[in-house]
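Visitor: I would like to learn how to read a structure of this kind, one feature at a time. Could you give the general idea before each case?

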Amino acid sequence: MTTTLSDFEIVKAKSRHLRGGIADGLVDPVTGAISDDDGKLLKFHGSYQQDDRDLRDERRKQKLEPAFSFMIRARLPGGVVTPAQWLVFDRLAREHGNGSLRITTRQTFQWHGIIKRKLKPTIAAIHDALSTTIAACGDVVRTVVSTANPVESPAHAITYGWAAHLSEHLAPKTRAYHEIWLDGEQLVGEEVEPLYGPTYLPRKFKIGLAIPPLNDIDVFAQDLGLIAIIERGVLLGFNVAIGGGMGATHGDPTTYPRLASVMGFVTPEQLTAVAEGVVAVQRDWGNRSERKHARLKYTIDHRGLDAFKVELESRLGFALQPQRPYSFDHNGDRYGWIEGHDGRWHLTLHIESGRLADVGERRWLSGMRELAQVHTGDFRLTCNQNVIVANVAAADRARIDAIVHAYDLDAYVSNRGIRSHAVACVALPTCGLAMAESERYLPSFLSKLEAQLERHGLADAPILLRLSGCPNGCSRPYLGEIALVGRAPGRYDLRLGADFRGQRLNRVYRENIDEVAILGILDGLFARYAAERNNGEGFGDFLTRVDVIPVEAAPQAARQIPLQVSA
Ligand code: SRM
Ligand code: SF4
């Protein structure tokens, strides 16, 4: 079959391993932007060009170019941040960015509002803080996520070690990053990307490691999900799940969210080869002509899971073992203090939408800075956009609690039910793809839901709510018991019926409706839930049991995807 490469593939091929014209574009004084092609390459360096969408119309009227700025994303495997790094990141947010640090749904930080001339000093400062932004975005293996709190048990620490190792091992090797951002020496001669080659992957590739019973990373939403199998405190290996992904396009049934399929078990010694092998098969088999069909999930549905496994095993030279039993009990975070295996303590704080900023009375950015100034352990970001103050000596707990309380960072104590686990993606005004509000809509929507739930005696019901401003699904909304997916300003698809374990996708209940309709529907369903639920039954499970949301017999079966697959 002949294939036409997408424009993006051609830009990558010509980029000389991600250099393109970025360095020149950064110093072009005529515009606050960089060229479209360099914008594509910039993602591989961990940054997106954006413009303030709140200001678009006004600037157009004034015949000004859009208010361009850049979002920067750090690569923080396992979400681990030292206090020293925190203080640097905080300063960059205040001095170079829009005054906020944003914890993402993949346990890292984003800075928004960095203007072009601040881009290089910001990335250099992140590097000086012994962190990086390379491959935080782009068609590569992104930051590898792992169950938050890697110090809870020795097996947690080992699993985190694997996340850090895979993140490092699968990072691009190009020197372009050093040349552009760190004034590294210009390369003379040929450069080789041993795993990726000159055109990298067909699309982004996400890896995550979960430690049952906690599925806080949503392991089945990953391209490559690894489920740690631990017996009597010993890590035996990992079940390997492939082909998860959330993104879809409204009105296009050839795109869809998909849960990863478990295909076997590997020992720790086999893990690096297996991860590299899965990435390499996707590199060679993935669709390079249609970006919207380029994720691993489509490769697998097109070629078949069995064929993918046969190819992988033949390249590895060994077979995967049968998957081992595992069980998840939920995919949220566990708030408050927990004690680790070595007698040190870990405090999980709830950060609404992951946004750390000083706004009005809420001074969370300052509060976290004060914590970083006294804390002797470290911090861990979670995939539910929260933060753990980790590795605290018992004697220091009171001091940490006092700061947490002084800055109202103790919302986790008073939050009830639905508020505790709600997740919203960034959306407007920075996200160029947003169709509706998400993060900025969450507070008012939550208050209205809470009032309803209170009326039905459900104020403490732990219901998982996820909001996304478009169907790309950055808050993993297809795994929410209740989810809104943006269609247009003020209008959303209402999706219902996932479990609270990240193991069942929800389904569309009504398309393209406004808040009045959403609240009307939910009010009726809350009334039924209050009256008819079984003891301990979750909202999503209830909706499927009473057939409000019928469970699909075989949600991933027999998909007909018109794919062109590169040779
Ligand atoms: Fe995402 C694109 C924000 C997690 C699926 N995502 C974007 C962009 C960069 C918009 C763009 O392309 O111009 C958003 C930037 C908004 C902004 O202003 O900051 C954006 N995604 C985010 C974050 C910050 C959401 C958040 O509120 O925390 C998350 C950053 C994660 C990180 O640190 O790396 C984020 N994005 C996700 C997830 C969740 C996950 O990975 O667990 C998903 C669904 C899983 C998946 O990949 O399938 C996700 N983002 C997408 C997609 C759809 C991809 C697809 O296969 O169709 C896009 C659009 C694209 O790639 O073309 C996208
Ligand atoms: Fe933007 Fe859509 Fe992702 Fe939300 S889900 S951050 S609106 S791309």
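Guide: Let us begin with contact, which means heavy atoms within 4.5 Å. Leaving aside its neighbours within four places in sequence, Leu371 is in contact with Leu349, Phe379, Val389, Ile400, Ile403, Val404 and Leu409. This is a predicted model, in which local features need pLDDT of at least 70 and side-chain atom pairs count only at pLDDT 80 or more, while totals for chains, interfaces and linings use all residues. Residues are numbered from 1 along each chain as its sequence is written, chains are lettered from A and ligands numbered from 1 in the order in which they are written, and side-chain values use heavy atoms, with hydrogens and water left out.

Visitor: Which residues of the largest nonpolar core touch the most other members?

Guide: A nonpolar core is a set of buried Ala, Val, Leu, Ile, Met, Phe, Trp, Tyr and Cys residues joined through side-chain atoms within 4.5 Å, where buried means under 20% relative accessible area, exposed over 50% and partly exposed in between, with a 1.4 Å probe and protein chains only. Here the largest core holds 94 residues, and those touching the most other members are Trp86, Phe89, Phe109, Trp111, Leu349, Leu356 and Leu371. Helix H9 (residues 268–285) gives the most to this core, with eight residues; helices (H or I, at least four residues) and strands (E, at least two) are DSSP runs, numbered from the N terminus. A second, separate core of 33 residues includes Leu465, Leu494, Ile521 and Leu525.

Visitor: What is the protein donor of the iron atom of ligand 1?

Guide: Donors are N, O and S atoms within 2.8 Å of the metal (3.2 Å for Na, K and Ca), and since water is not among the atoms, sites may look incomplete. The only protein donor of this iron atom is Cys474, through SG at 2.3 Å, and Cys474 lies in the loop between strand S18 (465–468) and strand S19 (482–488).

Visitor: How many aromatic pairs does a search of the whole structure find?

Guide: Rings of Phe, Tyr and Trp (its six-membered ring) pair if their centres lie within 6.5 Å; planes under 30 degrees apart count as stacked, over 60 as edge-to-face and the rest as tilted. The search finds 17 pairs. For Tyr256 and Tyr298 the centres are 5.2 Å apart and the planes at 75 degrees, so this pair is edge-to-face. Both residues are buried.
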